[in-house]
Amino acid sequence: MGLLSKKDAVLLSDPLADNNPITIQVLGICSALAITAELKASIVMAVSVLFVLGLGNVVISLMRNIIPSKIRIIVQLIVVATLVIIVDLVLKAFAYELSKTLSVFVGLIITNCIIMGRFEAFALGNGPWRSFLDGIGNAVGYGVILIAVGFFRELLGSGTLLGFKVLGDSIEKTGLYALGYENNGFMLLSPMALIVVGIIIWIQRSRNTSLIEEN
Amino acid sequence: MSKRTDSNSYTMIFAVIMVLVVGSLLAFFASSLKPNIDENKRIEKQQNILYAMGINENDESSANFVSTDIAGTEFVKYIKKQLIIQGNKISEDDTAFLIDVKKEQTAAKAGNERRLPLFIGEKEGKVFYVAPIRGKGLWDAIWGYVAMDENMIVRGAYFDHKGETPGLGANITQRYFMDDFIGEHLMSASGDFKGITVAKGNNDPKNEEKTDYEVDAIAGATITGDGVSAMIKKDLALYVPYFKSLKK
């Protein structure tokens, strides 16, 4: 990464692994549970958060010296909400199809605690460029987990990936289903998302024991 | 950080300015983009009605509308008549397209007689009666268009939603769900209105039984499915007198 100093590169790489917003900080769990029943929704959500967090972090960072500390949370909330609503309106006017896919996520993006968390913890105390990198890093870290969870839930729950029947047709009994394989409907329900996230956390901590807290 | 930003007066002034800036920004975007958005919605409604009639660009598994450029001309080509039904009065009126089902439902609650739009289309010599329906899902509104023949046998259906859960309730817009409705009977042979129930465990996942008044539900989307059953029962029942009058 010739473009970035070592300190800046850490901002991008850290949230991907050792400081992942979902598996280490346990932020953004609500949306990770709600919308990962299929891969496509996970990807749409990951891209939306990437956009909002990258841009929002820059806006908050630019405003960091003029925001009154007493109402900073409200100001942050307004910035996210405004960004998301403007994006939604522009999409509705010029890319209607895409906006229909996205409309469900608007409310979820505004209330995503990763966004508020990064504004509060990073953008309020750092310059715009570093805040931008931090936003991108955290959004990608969030997206990676979301996509991993969406992949397993859609594959095992519906036997499809992005809507394609990769395991054969469950009603016509072709492919794997001819051998007696059945979809696990439980994978489609939210509790299973929590279990999948739990398994990812388990794997991550057993590979990197320094992450385990001492009691 | 300076102490300046901690004072009450600064906080108040900041809040007021912020609200003004954000408010005018949003108002500007909303009003300048409104014509485009309205146009998109109008085209979408035409696409929905055409979709229910089976005029679409579906490939093997996904649902695709006719393209936005031709939706207008296709609509004029296939929709032969637009009716407004109000009580016993049936009038032919091209403003039926503009009727907002949501407003009519609210008006009906206030005691006014509801105006029911009905679109009569013709394709390959068959007549399609397309009626809009609207109800509640788990999170927000759900709605749809059901195309029927003169015996209230479903010829096609299109459903949509505002904010159902992606991967679960949102799947009412998927082919495998909407296509299940095709061929289902809404009325029994003796003329009783039965509706169509989105049923769990109806032992008919391939949907071969067309007179059971049931289609297979989506796993994990019970409340959205119940919403679909309810809006079909409630809104389509209002059209029963019209269909009965066709047979006289």
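Helices here are DSSP runs of H or I with at least four residues, strands are runs of E with at least two, and both are numbered from the N terminus. By that count, chain A has eight helices and zero strands, so from the N terminus on its elements simply read α-α-α-α-α-α-α-α.

Before going further: this is a predicted model, where local features need pLDDT of at least 70 and side-chain atom pairs count only at pLDDT 80 or more, while totals for chains, interfaces and linings use all residues. Residues are numbered from 1 along each chain as its sequence is written, with chains lettered from A and ligands numbered from 1 in the order in which they are written.

Along the principal axes, the C-alpha atoms of chain A fill a box of roughly 65 × 50 × 35 Å. Of its 215 residues, 35% are buried, meaning that 20 or more other C-beta atoms, placed from the backbone, lie within 10 Å of the residue's own.

Now for the partner. Calling two residues in contact if their C-beta atoms, placed from the backbone, lie within 7 Å, 30 residues of chain A touch 30 residues of chain B. On the chain A side, H4 (72-94) and H5 (96-110) each supply at least two residues, and H4(A) gives the largest share, ten residues.

So what does H4(A) look like? Its 23 residues reach 33 Å from first C-alpha to last, close to the 33 Å expected, which is 1.5 Å times one less than the number of residues. Its buried residues are A:Val75, A:Gln76, A:Val79, A:Val80, A:Thr82, A:Val84 and A:Lys92.

Methods:
A residue is buried if 20 or more other C-beta atoms lie within 10 Å of its own, exposed if 12 or fewer, and partly exposed in between; C-beta atoms are placed from the backbone.
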